[in-house]
Amino acid sequence: MGTMGRAYREVVDLTGPLLPVMSFLGRLPTATIQFGSVLLVARTSDSLTAAGLTGGALALGQVACGPLVGRLADRHGQRTVVLCFALANALAVTALVAGALAGLPAPALALLGTTAGATVPLIGPLARARLVSLARRAGAPDGTVATALSFESTLDEISFVLGPALVGVAAVVAHPAYAMGGAAVLVAVCGSGFALHPTATTGATGVVPSPTRGARPRMPRAVHALRVALALQGAVFGACQAGITALTDRLGQGDQAGLVYAAMGVTSAVAGLSMAAVPARIPLTTRWRLATAAAFALLLPLLWTDGLIALYAVVTALGLACAPHLITVFGLTERAVPQARLAEAMAFATSALVGGQALAIAGTGRLAEAYGPAAAFGAGILAAALACALALTARPTSYARSTEGGEGGQVTQSAQDARGAEVAEGTPHARVPSGGS
């Protein structure tokens, strides 16, 4: 525990204690508005169809525009981009609340939901990119970078457990509109605080972005497998959410669905924090394979789970594999992409996760209604099996940062760090790919 404590102190020392607080509170609205929009529209319109349409449109907007947010941050720096999107998102969420309370028709609410999703400032991915960039610029070892990724993933997990819980409490005590209004205030205040923090001037690339165009490095093909892995992880989340909801409803305990899902988030957060204690000699590719295999094995008992206590036990255990997989894939992504496109890569990775989850919820929800909870869980197991197969066959390599210009000695140090990690993994250092997006 002492070693872990020192590792996390080193990470916090890179930014100071204020930035993690701002980034956590700034990303909390993202977790709040997805669930909150569904509850809000369901309450004001008495239509689950309109509620589902609005929630789906919000997710679609985030998935479609997330990579654009990251690309803009890479080109123009995080300060301006996050500030603009945070304020725009606050206005969009406020407009969605006002539209729902005014009883606007479903198409109009879906349009407002799309706008709320499209303007999400993606503070989580950008915080991850900023922290990793600061660690690389400081010449920190790969262990510190891995701890930074663990730290950021844990903040994500906590926010995605706490956000829906706050919405649920607001819905029971008063009205979902209060939670949505609070989310608008949080993203405006804390999103602006994250944007205006002194570390934002370094951007994701470690330097103040240059207005020069035409030197944008290609994204390597190796990153596509990692994006698919995250989409499959999102599909596992979505299938589990649909299956849990269906099973708790069948048991007459529908109000327990959120708590069951939150239990998985809690153990996932604990597992994420514990990743800092994993020895550096264990390669990321090995961790990726172990995490996907563990997720597949831990999902299997859900096919035969038919009681609430058993559901809590299985889902709580499943959480132990979630954060390690996410942290490892984000770590592989950080190594696979050019530093100049790190924010875009992190944003795209998050969009893949959200997109996979949204599609799975829509598809497995119908499966659960027609064939029962086991059908939804079965779809999640299939996604986990595909993720495991991908981890066993994919060979992601590190990007040759030494070939990138404009970052001086820090680039050379990053390349040396990457080479050292590859020697430990037995992976040859990759040349700059000729293809990619």
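The model is predicted. The chain has 15 helices and zero strands, and 54% of its 437 residues count as buried.

**Whole chain**
- The accessible surface of the chain is about 17300 Å². Carbon and sulfur atoms account for 68% of that surface.

**Helices H9 and H10**
- Two packed helices are described by the angle between their axes and the distance between the axes.
- Helix H9 spans residues 222-250 and helix H10 spans residues 257-274. The two pack at an angle of about 140°, and their axes are 9 Å apart.
- The crossing of H9 and H10 is right-handed.
- On the H9 side, the contact is made by Phe237, Gln241, Ile244, Thr245 and Thr248. On the H10 side, Ala257, Val260, Tyr261 and Met264 take part.
- By class, six residues in this contact are nonpolar and three are polar, with no charged residues.

**Cysteines**
- Zero disulfides are found in a search of the whole structure.
- Cys84 has a relative accessible area of 48% and is therefore partly exposed, since that class lies between the 20% and 50% cut-offs.
- Cys388 has 15% relative accessibility, so Cys388 counts as buried, the cut-off being under 20%.

Terms used
Residues are numbered from 1 along each chain as its sequence is written. This is a predicted model: local features need pLDDT of at least 70, side-chain atom pairs count only at pLDDT 80 or more; totals for chains, interfaces and linings use all residues. Side-chain values use heavy atoms; hydrogens and water are left out. Helices (H or I, at least four residues) and strands (E, at least two) are DSSP runs, numbered from the N terminus. Buried means under 20% relative accessible area, exposed over 50%, partly exposed in between (1.4 Å probe, protein chains only). Accessible areas come from the Shrake-Rupley method with a 1.4 Å probe; for residues, only the protein chains shown count as cover. Axes are lines fitted to C-alpha atoms, for helices over the stretch in contact, and angles run from 0 to 180 degrees between N-to-C directions. A crossing is left-handed if the near helix is turned anticlockwise from the far one by less than a right angle, and right-handed if clockwise. Contact means heavy atoms within 4.5 Å. Ala, Val, Leu, Ile, Met, Phe, Trp, Tyr, Cys and Pro count as nonpolar, Asp, Glu, Lys and Arg as charged, and the others, Gly among them, as polar. A disulfide is a pair of cysteine sulfur atoms within 2.5 Å.
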